[in-house]
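Reader: I have a protein chain to study. Please show it to me, and then let me ask about it piece by piece.

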Amino acid sequence: GDRLKWYDINSKSAALSYNYNGLLLFFTVYFNKIGEIIRLETDRYLKKGRLEKWIGKVSDYKELNGIKIPTRIEAFWEIKNMLHKYVDFRLENIEYEYYQ
């Protein structure tokens, strides 16, 4: 959609900007050899006035209801070169509604 804009970096990564209600977010997105997203990185506020690297890892791609999507999503803060996982989602099923 018009909220997302992609910018080429190299064959393994791209920059992504996302405009959500006037808030502009920037991510570096990494891809595997077959073009699946495997990692997203951005700087986010962990505490007021303190930006830290935020990392989202996606994996275990499966076809669910006719669409291939990652079924595992992990999120980390990288602080002082150490990863601190704070969420690990595993998707078992999904339903879609299409609006035109």
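Reader: How many salt bridges does the structure hold?
Author: This is a predicted model, where local features need pLDDT of at least 70 and side-chain atom pairs count only at pLDDT 80 or more, while totals for chains, interfaces and linings use all residues. Residues are numbered from 1 along each chain as its sequence is written, and side-chain values use heavy atoms, leaving out hydrogens and water. A salt bridge is a side-chain nitrogen of Lys or Arg within 4 Å of a carboxyl oxygen of Asp or Glu. The number of salt bridges in the structure is 9.

Reader: Which residue meets Arg-39 in a salt bridge?
Author: Arg-39 is partly exposed, at 21% relative accessible area; that class lies between buried (under 20%) and exposed (over 50%), with a 1.4 Å probe and protein chains only. The N to O distance is 2.6 Å, and the partner is Glu-41.

Reader: What is the distance between the closest N and O atoms of Arg-72 and Asp-88?
Author: Arg-72 counts as buried, at 18% relative accessibility. Asp-88 counts as partly exposed, at 30%. The two form a salt bridge, and their closest N and O atoms are apart by 2.7 Å.

Reader: Which strands does that pair link?
Author: Strands (E) are DSSP runs of at least two residues, numbered from the N terminus. Arg-72 and Asp-88 are 16 residues apart and link distant parts of the chain. Arg-72 sits in residues 67–79 and Asp-88 in residues 82–90, so named by that numbering as E6 and E7.

Reader: Which residues form one network with Asp-88?
Author: Asp-88 also has a salt bridge with Arg-90, with closest N and O atoms 3.4 Å apart. Arg-90 counts as exposed, at 55% relative accessibility. Salt bridges that share partners join Asp-88 into one network with Arg-72, Glu-74, Lys-85 and Arg-90.

Reader: In what sense do E6 and E7 pair?
Author: Two strands pair if DSSP finds at least two bridges between them. E6 and E7 have 8 bridges. Glu-74 stands opposite Asp-88 in E7. The sense of the pairing is antiparallel.

Reader: Which residue in the turn of the hairpin has a positive phi?
Author: E6 and E7 form the hairpin, with 2 residues between them. The phi in question is about 50°. The residue is Lys-80.

Reader: Which residues does Ala-15 touch, not counting those up to four places away in sequence?
Author: Ala-15 is found in strand E2, residues 13–20. Its relative accessible area is 22%, partly exposed. Contact means heavy atoms within 4.5 Å. By that rule Ala-15 touches Lys-5, Trp-6, Tyr-7, Ile-9 and Phe-27.

Reader: How far apart in space are Ala-15 and Ile-79?
Author: In sequence they are 64 residues apart. In space, C-alpha to C-alpha, the distance is 22 Å.

Reader: How many strands does the protein chain have?
Author: The chain has 0 helices; a helix here is a DSSP run of H or I with at least four residues. From the N terminus on, the elements run β-β-β-β-β-β-β. The number of strands is 7.

Reader: What share of the 100 residues is buried?
Author: The C-alpha atoms fill a box of roughly 40 × 30 × 30 Å along the principal axes. Of the 100 residues in the chain, the buried share is 25%.
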